Amino acid sequence: MSLLSTELTARCRSKCEICNAGGKLYPFIVFPKTGNSVDEQVAICGVCKEQMENVDKIDVTHWRCLNESVWSTVPAVQVLAYRMLGTLSDQDWAHDLQGNIYMDDETLEWAETKMVNTVHMDCNGKILESGDTVVLIKDLDVKGANFSAKRGTAVRRILLVQDNPDQIEGRVNDQQIIILTKYVKKSV
Ligand SMILES: [Zn+2]
């Protein structure tokens with residue numbers, strides 16, 4: 001079963017719009033759009049997806065494909081390619097290529113929108129604050145401790161981890177542990 005909408009499948013012709021690979025493709029919503037329309041999504045392969053989401057896994061050679069994809073006529077693809085070149089800007093070729101891309105003003109503005117995500121949110125997108133009580137939504141193995149925190153456990157008076165909106169701190173089993181925000185639900 002394809003994860004892509006019919007419209008997106010037709011546009012990308014079942015190929016990754018960044019590197020042209022076939023196989024399993026994922027719809028990638030180009031920030032800060034919400035993906036409501038196909039114009040806000042790019043079809044990408046697993047390799048592109050993994051490296052875009054984990055900057056430390058970037059294999060520079062893979063991204064030579066940007067030489068082609070920056071010339072896409074799809075603005076969302078251009079935006080994604082432009083941002084990826086920015087990530088790779090310590091490479092001369094990437095730096096030069098980014099400087100040569102032609103984009104209209106609107107697309108350039110979209111491309112330059114920075115991801116500002118400093119807000120801590122629970123699994124439902126509710127904003128978390130220090131002092132909140134949260135409930136774990138799954139069993140969690142605690143690194144460095146030989147217990148697992150059980151689903152349903154309430155964690156009181158959490159602390160927000162500064163500089164990392166994906167993490168909070170809280171006490172479970174009398175130990176202060178780091179918990180990923182996607183595994184907690186704010187208790188009201
Ligand atoms: Zn790809």
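A: Angles under 35 degrees count as roughly parallel, over 145 as roughly antiparallel, 65 to 115 as roughly perpendicular and the rest as oblique. Axes are lines fitted to C-alpha atoms, for helices over the stretch in contact, and angles run from 0 to 180 degrees between N-to-C directions. Helices (H or I, at least four residues) and strands (E, at least two) are DSSP runs, numbered from the N terminus. This is a predicted model, in which local features need pLDDT of at least 70 and side-chain atom pairs count only at pLDDT 80 or more, while totals for chains, interfaces and linings use all residues. Residues are numbered from 1 along each chain as its sequence is written.

Q: At what angle do helix α4 and helix α6 pack, and how far apart are their axes?

A: Two packed helices are described by the angle between their axes and the distance between the axes. Helix α4 (residues 75-87) packs on helix α6 (residues 105-112) at an angle of about 45°, and their axes are 9 Å apart. The two helices, α4 and α6, are therefore oblique to each other.

Q: Which residues make the contact?

A: Two residues are in contact if their C-beta atoms, placed from the backbone, lie within 7 Å. On the α4 side the contact is made by P75, Q78, V79, Y82 and R83, and on the α6 side by T107, W110 and A111.

Q: Is Y82 buried or exposed?

A: A residue is buried if 20 or more other C-beta atoms lie within 10 Å of its own, exposed if 12 or fewer, and partly exposed in between, with C-beta atoms placed from the backbone. Y82, which has its place in helix α4, counts as buried because it has 21 C-beta neighbours inside 10 Å. Leaving out residues up to four places away in sequence, Y82 touches V70, Q98, I101, M103 and A111.

Q: Where do the backbone angles call for a second look?

A: Most residues other than glycine have a negative phi, and most peptide bonds are trans. The peptide bond from F31 to P32 is cis, with omega near 0°, and P32 lies in the loop between β1 (25-29) and β2 (41-45). R157, in the loop between β6 (154-155) and β7 (159-160), has a positive phi near 50°. D174, in the loop between β8 (167-172) and β9 (175-180), has a positive phi of about 65° although it is not a glycine. D174 counts as exposed, with 5 C-beta neighbours inside 10 Å.
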